[in-house]
Each structure stands twice: as C-alpha cells, then as structure tokens.
Amino acid sequence: MRTTSTPPPAAGPGRRAFLAGGLAAAGLGLAGCGASAAGGRTPLRQWNLFTGGDGARMVEMHDAYTREHPGVELRPTTYLWGNPYYTKFAMGAAGGRAFDVATLHASRLRGMGAGTLIDPVPADLLAEYGVTRDDVLPNVWDKCVVDGELYAVPLDTHLVVTYYERGACERAGVLEPDGSLVATSGPEEFLDVLAAVKEATGHFGVVMDTTGAWRQFWSLYRQLGGEMTFDGGLGLDDDLALQALDFLRRVCDDGLAPPASDAPGTPANFQNGIAGLMFAGNWELPTFQTAGMDFGMRPFPGIFGAELGQGDCHVLVLPHRRTRDDRAVRTAVEYAAWMLKNSIVWAGGGHTPAYLPVAESAEYAELRPQAEYRHAAEDVQFDPEAWFSGSAAPLFAEANSVMAGVHNGSATPEEALARFRRAAERLIDTPEPV
Amino acid sequence: MSATAPAVRRTVRRTPRRRRVTPVGAAATVSALVLAVLWLVPLAWAVLTSLKPEAETTAVPVRWLPLEPTFAAYRSILARGDLQQWLVNSVAVSTAVTVLTLVVCVLAAYGFAATAFPGRRALFALFLAGILVPPQVLIVPLFDQMTALGLVDTYWGVALPQVVAPVFVFVLTRFFEGIPRDYQEAARLDGAGHLRVLWSVVLPMSAPILAAVAIFTFVQAWNNFLWPFVATNDPALMTVPVGLGTVQGAYGIQYAQNMAAAVLGALPLIVVFLLFQRQVVRGVTDAGLK
Amino acid sequence: MTVPAAAATPPRPRPPAARPARRRASLAGLGFVLPFAVLFAVFLVWPMLAGLWASFTDRSLARPDAAFVGLANWRELAGDAAVWRSLWTTLLFTLISTPPLVAVALAMAVLTQRVAARLGWFLRFSFFAPFLLPVAVVTLIWTWMYQPGFGVVNGALQAVGLPEVAWLTDEDTVLAAIAVTTVWWTAGFNYLLYLAALQGIPGHVYEAAAIDGAGAWQRLTRVTLPLLRRTTALVVLLQLVASLKLFDQAYLMTAGSGGPNYAARPIIGYVFESGFTGLRIGYASAVSYLFFAVVVAVSVLQFRLFSRKEAE
C-alpha cells in the first residue's frame with residue numbers, strides 16, 4: 001500500500017484550514033504536515049476488494065503502473081470483500097468525493113446504482129486509450145452496458161472450475177495419459193470418478209464450499225437449461241432446481257464430499273489431500289502454485305450437459321462525483337485501459353483476461369493451468385438479472401444460507417427450494433432502491 | 001434520568017487506618033494482583049505478537065515469547081504511512097470537537113444560568129430531551145443530510161455532529177447556577193458585560209469541571225467509531241479507530257502487523273494516561289458520575 | 001462511551017429555584033445560547049424530523065427522488081423477522097453483558113480499596129487502561145486471541161486438555177465471545193465510578209462496624225454494599241443504555257457479516273445494513289425509530305423502578 005500522507009484536493013474546502021486549526025489548537029505545530037504538496041502530480045484514488053493472491057498481483061501491477069506514470073500519484077485502498085466493500089462503495093459514491101476509480105463485480109452494476117452512484121464511462125475516451133467493444137468478448141461487454149450506456153471497463157472473467165490433484169487422480173486411475181482429468185458425461189460417470197478418487201484419498205472424492213452453494217447450484221441449474229426471472233414473482237423451474245439440489249445432496253450423502261467445508265477451509269482441505277478434486281473459483285490457483293502442488297484445472301464438469309460454470313467479471317467503474325473533474329476522469333479511464341492491457345499479470349491469479357489482445361496472446365496461451373479452462377470463460381454463466389442479485393448480493397447470501405442445509409443434510413432439496421422461494425419472493429416484494 | 005444521580009463528594013476521604021497483615025488482607029491483595037495481571041494479558045499478548053516475525057505468529061502450540069524478536073512489523077506498518085495520517089486526523093478531529101464543545105456548551109450554560117430571555121425554560125427543556133436521543137438513532141438520516149450538504153468525506157462532517165452534547169450544557173448550567181451570584185453581581189455593577197463576567201468570574205471558578213468535560217469529550221471523540229465510520233470513506237480522512245477497523249492490507253491478514261498497528265493505535269491515550277493518571281481518572285469520574 | 005448523567009457539585013450549591021427571580025430579562029442570553037442551539041437544530045433536530053419523514057417514504061441512497069409510501073415501511077418492519085431477531089440479539093447482549101460489567105467493576109473497586117495504597121496505581125492502570133483503547137484496537141486484539149488453531153484462548157483451552165471452541169464462527173458462542181471482550185474493554189469505566197463512591201464512604205463507618213465485632217465479610221455485605229446502592233443504580237442505568245447501543249465491536253468482530261446466521265447482528269447493525277448496504281434510507285429510518293422507542297422505554301422503566309426504590 002502506498003502512503004496517504006497527501007490530502008486529495010477533492011476532499012473539499014476547509015480541509016486544510018481544519019487540519020491547521022485542529023493541530024494548532026493541539027499545540028503540535030504540525031499545521032503544514034497534512035498538506036505536503038503532491039508536486040503537481042494527479043492523484044488517483046483507487047478502491048478494490050482484493051486480498052491474498054489477487055491483492056499481491058494488484059500490488060505488482062500498481063508498482064508497474066506507478067513506474068510508467070510518474071505524473072500520477074496512485075493511492076489504492078483495500079476493503080474487505082463482500083458487504084463491507086459494497087457498503088463503503090455506496091456511501092463513498094453517495095458522498096461524491098471519496099475515490100476516483102473502483103473495482104466492482106459486473107453482476108452488481110444495476111444493484112449498485114448505475115446512473116446514480118456510478119457514472120458512465122466515456123466510451124470515446126476509452127477508445128482513445130485503445131479499448132473498444134471489439135477488444136472484449138461480446139457477452140462480457142454487454143454485461144457492462146446498462147440501458148444502452150457503458151458503465152464499466154471489464155478486467156477479467158472468473159468462474160467456478162474443477163481442480164484436480166494429480167497424485168490422487170493417478171492412483172484412482174482417472175487421468176488421461178497426458179496427465180489431464182478424464183472427461184465425463186452425465187451424473188453417473190462423474191460420480192464413478194468421485195468414488196474412485198475417494199478410494200484413493202481414503203476420505204473424499206471432491207471438496208467444495210458448502211457455505212457458498214449458490215455457485216454449484218447455478219452452474220448445475222444452467223447446465224439443465226434452467227432460467228430464473230423475477231418479473232411479478234419468482235420464475236423458476238422446480239423440477240430442474242430439485243435435480244440440481246439433489247445432486248448436491250447426493251455427493252454429500254454418499255460420502256463423496258464433506259457435508260461441511262467453509263470458504264477458507266475448502267482450499268485447505270484440498271491442499272491437505274482430503275479430496276482429490278475441488279470445485280472452486282479460479283482465483284484459488286496461486287495458493288496451490290505457491291504450495292508447489294502437482295495439480296491441474298479444467299472447467300466445471302458437464303454433469304447435466306455442457307461444461308457451464310457460474311461466474312462473474314471484475315470491472316473498473318467511475319463513481320458519481322459531486323463536482324465534475326475531467327482530469328480525474330481522464331486519469332481514471334487511462335488507468336483502466338492500462339490495467340486491461342497489462343492484465344497478463346492479473347491472469348497469473350487464475351482470472352481469464354477480458355481484453356482479447358491479452359487473452360489471445362501467445363504469452364497467455366502458455367500459462368498453465370490457465371489454458372486448460374480458458375475457453376470456459378466464453379460461456380460463463382452470470383447470475384440472474386435483478387438489483388438484489390449478483391456477487392455478495394442479498395439473493396446470493398440467501399441462497400448460500402439455505403442451500404448449505406442441503407450439503408450438510410439438515411434440509412431436503414424440497415425444503416431448501418421452498419425456503420429459497422420464500423426468500424426470493426420477499427426480495428422481489430422489497431421496494432427497489434435503485 | 002439525571003435526577004437519580006447521587007452527588008458523591010470526593011472531599012470526604014476515608015481516614016487512613018493502620019493495617020496489620022491479616023489473612024483477609026493478604027487474600028485481597030493476591031486476588032487483586034491476579035485479576036490485574038489477567039486484565040493485562042490481552043495487551044501483553046498484543047505487544048508480544050507484534051514483536052514476532054510473521055511466520056512465528058501462527059505456531060502451534062502457542063508460544064508467548066518471540067523466538068527472534070524483531071521490529072519488522074512496526075517498520076511495515078509505518079512504511080505504509082496510513083497510520084500516521086490517521087493519528088494526525090484523530091488529533092485534529094478530537095481537538096476540534098473538544099474545543100468547539102467547550103465553547104458552545106459554556107456559552108449556552110452561561111446563557112441559561114445567568115440571564116433571562118423569552119423561551120429560556122422551553123429551550124432548556126428541549127435540550128434536556130436531546131440527552132435521551134442516542135446518536136446511533138441518527139446515523140441514517142444524518143448521513144442522508146450530510147450528502148445533501150456535501151459534508152460526507154470532510155473533516156467538518158466528521159466533527160460537527162459530535163459537538164452536539166446537550167448533557168454538558170445541563171452539567172455546566174447546574175454548575176454555573178451554584179456559583180455564588182454575589183461575585184457576578186459585583187462585576188456587573190462595575191460595568192462588566194456578560195462576556196467579561198463569564199471570562200473573568202465564572203470560568204476561573206469552574207476550572208475543575210471544565211477540565212473534566214474537556215477530558216471526557218476528548219477521550220470520547222478519540223475513540224468514537226460509528227459516526228466517523230459512517231461519515232468518512234476516503235482513508236486520507238479517517239481517524240485511528242475507523243482506519244484500523246476498515247482498511248485491509250493487500251496481502252491478507254498478517255497478525256504481527258495487525259498487532260503492531262493495534263499497539264501504535266493504542267499508544268497515544270495510554271501514554272497520556274500514564275503521565276496524567278490522576279487527572280484522567282478525575283475527569284472521567286467527575287463528568288461521568290457527578 | 002457512557003453518557004454522563006448529572007450536574008457536577010458546585011462550590012456552594014444552592015437550590016436553582018431561587019435563581020430566576022434575580023435574573024434581568026434581556027435578549028443577550030439568547031446570543032449565548034444561539035451557537036449551541038444552531039448546532040442542536042442542524043445536527044439533532046433536523047435529522048430527527050427528516051428521519052421521521054423518511055420513514056414514510058421510499059427514500060434511497062441511490063436515487064435522488066423519493067415517494068411518499070404511507071405506512072408501508074412500518075408494515076414491512078412489523079413483519080420483518082430480521083428486525084425482531086436483531087432486536088432480540090441486542091436485548092440478549094444487554095442481559096448477558098450488564099451483570100458481569102457491574103459485578104466485575106464492583107469487585108475491582110472493592111479490592112483496590114482494600115489493598116495497600118502503593119498498589120493502587122498499578123491496579124488503576126490495569127483495570128482502566130482497556131477503556132482508553134479505540135474499539136478497532138480492542139477487536140483486532142480479541143479477534144486474534146479467539147482465533148482457532150493458534151489463538152491464545154484456544155491455546156489455553158488445549159493446554160488444559162479441553163477441546164477448541166470456534167468462538168466467533170459458531171452461532172452459539174459468538175455473542176458471548178463479544179460480551180467477554182466488552183467486559184474487558186469497558187468494565188474500567190464502571191470501576192472508576194465505584195472507586196469514587198467507595199472513597200466517599202467515611203472511615204468511621206467501618207470503624208464503628210469493626211467495634212461492633214463485624215468481620216471483613218460482614219463489613220462488605222452489611223456496610224459497603226448497602227452504601228453503594230445509589231451508585232449501583234446509576235451504574236446499572238448507564239450500563240443498560242450503553243449495552244443497548246451495541247454495534248462497533250459486533251460489527252468489527254464479525255467482519256461486517258453479522259456473524260454466523262446473523263447471531264451477532266444487533267438492531268443498530270440491521271439499521272446500518274438496511275440503510276447503507278441495502279441503500280434503503282426510508283426503511284432504515286423506520287427501524288431507527290423502533291430502536292429509539294426501545295431505548296426510551298428502558299430509560300423510563302428504569303427511572304420509575306429506581307425512583308420507587310428511593311422512595312421506599
């Protein structure tokens with residue numbers, strides 16, 4: 001993290017007077033301390049929700065950015081992933097002077113107030129810095145457009161995938177000669193693979209975050225061709241939803257997966273060899289690389305059809321500003337374009353770059369195991385569209401809390417579905433705040 | 001609510017008694033020391049953790065003393081620079097809140113205690129009722145109002161709402177009313193205006209209560225979390241509790257660094273307390289109890 | 001921090017009722033009251049009224065306009081299980097934190113009073129210093145202490161052969177864990193109040209009791225505690241209101257999540273969440289007013305209880 005000892009000019013009138021007054025009154029004689037000149041550099045206050053592997057990569061990119069931009073004073077701030085971040089985002093944007101550019105999930109654009117809390121990205125300015133619609137996958141670009149206006153610059157696509165540990169899979173006899181996991185089709189074939197791996201590990205076949213079951217559920221439900229709509233009530237295919245939930249119940253019931261494994265526990269379980277396979281977001285990759293594990297990755301298995309996995313995009317957005325500042329917007333847009341063009345570093349964390357010149361580069365094609373699942377990003381399954389839907393949004397939280405019961409056996413799929421319906425109906429009845 | 005408060009006088013001191021070492025006395029001493037040491041365990045644990053290299057912090061079983069003591073965690077925290085900024089902000093905000101609170105509350109209390117004006121009783125009753133309103137009730141509408149006024153993410157937005165402390169108007173009014181009026185009357189007869197009477201008669205006689213209010217307000221403002229947390233989002237404007245509580249390190253949780261930040265964040269008031277224990281204890285007790 | 005409660009002892013107290021007769025009516029006094037009155041109006045009265053109005057609208061953080069919705073927010077509140085659940089969490093926390101906060105503080109004060117004077121400095125530091133820590137420092141330290149695996153609390157449990165407890169991630173323990181932290185953090189304030197009261201008990205009272213043959217225990221239960229009744233009433237009142245305002249440490253120790261299955265989300269946590277995370281200013285204002293009603297009700301109830309006791 002960089003120092004924040006220089007006050008942002010956008011902090012409003014009276015800031016310096018206040019500091020000087022307060023400090024003088026305190027008798028510290030530090031009146032000038034908070035006001036050291038930025039030497040004419042443009043401040044760029046960036047907010048993000050990345051810690052761990054992603055955080056380290058963002059720091060690496062920011063170091064490079066700073067070296068190339070001596071005229072910009074980049075000040076990144078990290079807040080805790082999920083509600084703490086989104087809450088600060090909404091409050092900072094409502095205040096209109098807290099930050100200049102921020103990361104966000106594409107699925108949250110509508111719910112976080114595109115047009116009120118989030119300002120549009122000037123597409124012509126972005127094009128000036130070399131990023132246009134043609135440089136990004138169409139499904140991803142469309143996700144950044146709300147009511148015909150561009151509100152976000154997509155950095156990556158990330159989704160739930162399959163991790164496999166080669167030692168256990170080798171012993172289970174489920175590896176191809178080239179060391180990749182065998183492809184399966186249909187639920188029974190995949191369960192056979194899990195049974196074989198369970199035999200090999202002595203504990204479980206696969207481990208997944210049972211407190212974050214929405215990702216698994218949405219992947220399976222979409223493989224079955226299920227849709228979810230919220231116009232005038234919850235539109236959901238009960239039969240398909242029950243099939244998807246029953247699969248989650250079955251893997252745990254049959255002892256193929258642990259009935260309870262939380263978000264930090266899941267990668268730890270995989271690393272400890274308790275299971276040979278893991279369903280998890282691609283962002284866990286650096287942990288196992290650092291640990292020196294022999295593992296591979298492939299798309300989420302096609303249990304009910306195509307290998308579709310739930311996912312989202314990290315995007316960069318411009319917060320609403322209280323007072324217009326063209327220089328700050330220009331700096332922020334240039335920064336966003338720079339991040340896209342240098343997203344090969346970001347890809348090291350497992351995310352698939354949204355910027356096609358990077359995603360299609362030879363350098364990215366050589367990254368292992370990223371190349372094994374890169375095509376899955378083209379068919380990423382975004383969460384259903386609603387203000388209460390998306391990463392860390394209320395629907396996601398309700399689904400996770402309800403569906404954890406299917407994994408641990410405290411609720412049948414039918415009960416879980418009924419509870420999910422009630423929770424979703426309540427959200428639909430809640431007056432829309434955006 | 002205030003009427004139930006007993007007026008405990010500190011002037012009556014327990015006359016010292018000669019103590020022999022009795023079994024009861026020894027037991028009391030031992031219990032007191034055990035409790036006091038137990039109470040210091042969290043602080044000791046924080047300090048010891050902050051002196052460990054990061055790798056040692058998660059060792060199992062738990063080891064109290066660092067094997068290789070180091071100031072690395074402190075160096076990392078100071079190199080980030082955030083904490084220094086937050087300390088500066090805390091000093092500025094707490095000082096401003098304290099000074100402004102003293103000024104406006106003293107003026108108002110003098111107005112109520114020494115002058116008469118239309119609506120005096122009604123206004124005093126309104127302020128009294130304000131004591132019942134917990135600041136927590138106001139966070140949502142107040143934030144909404146601050147966005148309208150453009151005061152979110154400014155120092156004024158953090159400080160001004162904290163200045164509204166009707167309880168001190170009440171405390172000071174009662175105190176000023178107890179000052180013998182003869183002095184004030186005499187000064188008035190000499191032609192002194194209200195401000196002059198306040199400045200050269202009332203205030204000099206009120207030094208202890210003013211100190212108590214000042215100390216209490218400063219400690220309260222220094223440690224206030226909720227309103228500054230709501231009113232500031234830009235880390236450059238945050239106070240120590242808000243910054244430490246919300247801003248994350250990019251590399252995830254690092255316990256030695258967390259504890260180093262905690263120790264540095266705790267230090268200012270602890271040092272003040274060590275230097276001025278008697279005054280702080282009196283200030284908190286006087287403003288809190290009487 | 002607790003709100004101070006009553007007027008200070010003036011140098012020579014006189015009944016305030018005797019004053020107004022000697023006041024000369026003038027408008028000058030208004031000028032003195034004006035600065036505070038303006039701040040009071042802008043930062044207390046206005047938001048109170050604005051919040052009341054907002055509770056009848058669908059006001060949002062993410063939309064400039066708001067529409068009048070009548071009693072919709074209040075009806076929703078009545079049927080919102082999360083409101084009542086979080087209100088219960090607040091009350092439960094108040095119930096489990098107040099007794100130890102009063103009892104521990106009393107024990108500390110009695111012990112401090114009993115031991116040799118040269119230990120007093122050390123005891124006062126040890127018992128009161130935590131109260132001076134910013135809440136984020138307290139929660140950083142305790143979250144670290146409660147850590148499973150390598151935290152010092154679980155380390156101690158394991159050292160004596162007990163199983164680990166997932167203090168902050170188990171819905172049955174999280175609120176108790178936060179209460180323990182709160183006792184450590186704020187007992188020092190009540191301790192100072194008790195200490196001051198104890199110092200106000202004249203020594204001859206004890207001497208008289210000793211002459212009557214009262215032992216140390218009898219002196220404590222028959223003399224000290226009865227004399228501290230008024231102080232205890234005050235401490236309990238201040239503590240109840242302070243505990244009802246639970247938010248800071250609960251928010252920070254659960255990383256803003258409200259804890260497993262929202263077991264540590266107090267009513268103010270729900271206000272914060274519906275207003276700022278959920279963007280619904282109108283609805284959150286209605287919930288704020290519910291909380292306000294509870295605080296006023298508890299204060300009034302207590303006032304009546306204590307004033308009746310005093311009268312007896």
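**Reading the chains and their contacts**

Modeller: One may begin with the secondary structure of one chain: chain C has 13 helices and zero strands. Please bear in mind throughout that this is a predicted model.

Colleague: What are the spans of the C-alpha trace of chain C along its principal axes?

Modeller: They are about 75 × 75 × 35 Å. Within chain C, 48% of the 312 residues are buried. Of the contacts in chain C with a separation of 6 or more, 70% are between residues 24 or more positions apart.

Colleague: How many residues of chain C are in contact with chain B?

Modeller: A general remark comes first. The size of an interface is often given as the accessible area lost when the parts come together. Here the description is by residues in contact: 109 residues of chain C meet 106 residues of chain B. On the chain C side, α1(C) gives the most, with 18 residues. That side of chain C comprises 78 nonpolar, 20 polar and 11 charged residues.

Colleague: How many residues of chain A are in contact with chain C?

Modeller: In that pairing, 14 residues of chain A touch 14 residues of chain C. The side belonging to chain A has 10 nonpolar residues, four polar and no charged.

Colleague: How is the packing of two helices to be read, for instance at what angle do α4 of chain B and α1 of chain C pack?

Modeller: Two packed helices are described by the angle between their axes and the distance between the axes. For helix α4 (residues 82-114) of chain B and helix α1 (residues 28-54) of chain C, the angle is about 135 degrees and the axes are 7 Å apart. The pair α4(B) and α1(C) is therefore oblique, and the crossing of these helices is left-handed.

Colleague: Which residues of α4(B) and α1(C) meet?

Modeller: From α4(B) come B:Val104, B:Cys105, B:Leu107, B:Ala108, B:Tyr110, B:Gly111 and B:Phe112; from α1(C) come C:Gly29, C:Phe32, C:Val33, C:Pro35, C:Phe36 and C:Leu39. By class, this contact of α4(B) with α1(C) holds 11 nonpolar, two polar and no charged residues.

Colleague: At what angle do α1 of chain B and α3 of chain C cross?

Modeller: Helix α1 (residues 23-50) of chain B and helix α3 (residues 81-114) of chain C cross at roughly 130 degrees, and their axes come within 9 Å. This angle makes α1(B) oblique to α3(C). The crossing of α1(B) and α3(C) is left-handed. B:Gly25, B:Ala28, B:Ser31, B:Ala32 and B:Leu35 of α1(B) make the contact with C:Met108, C:Leu111, C:Thr112 and C:Arg114 of α3(C). Five nonpolar, three polar and one charged residue form this contact of α1(B) with α3(C).

Colleague: Finally, which domains does the assignment give for chain A?

Modeller: The assignment gives domain 1 (39-154 + 314-365) and domain 2 (158-311 + 380-429) of chain A. Their centres, taken over C-alpha atoms, are separated by 29 Å. In chain A, 15 residues of domain 1 are in contact with 16 residues of domain 2. The side of domain 1 that touches domain 2 in chain A has one nonpolar, 10 polar and four charged residues.

Note on methods. Residues are numbered from 1 along each chain as its sequence is written. Chains are lettered from A and ligands numbered from 1 in the order in which they are written. This is a predicted model: local features need pLDDT of at least 70, side-chain atom pairs count only at pLDDT 80 or more; totals for chains, interfaces and linings use all residues. Two residues are in contact if their C-beta atoms, placed from the backbone, lie within 7 Å. Ala, Val, Leu, Ile, Met, Phe, Trp, Tyr, Cys and Pro count as nonpolar, Asp, Glu, Lys and Arg as charged, and the others, Gly among them, as polar. Axes are lines fitted to C-alpha atoms, for helices over the stretch in contact, and angles run from 0 to 180 degrees between N-to-C directions. Helices (H or I, at least four residues) and strands (E, at least two) are DSSP runs, numbered from the N terminus. Angles under 35 degrees count as roughly parallel, over 145 as roughly antiparallel, 65 to 115 as roughly perpendicular and the rest as oblique. A crossing is left-handed if the near helix is turned anticlockwise from the far one by less than a right angle, and right-handed if clockwise. A residue is buried if 20 or more other C-beta atoms lie within 10 Å of its own, exposed if 12 or fewer, and partly exposed in between; C-beta atoms are placed from the backbone. Domain bounds come from an automatic or database domain assignment.
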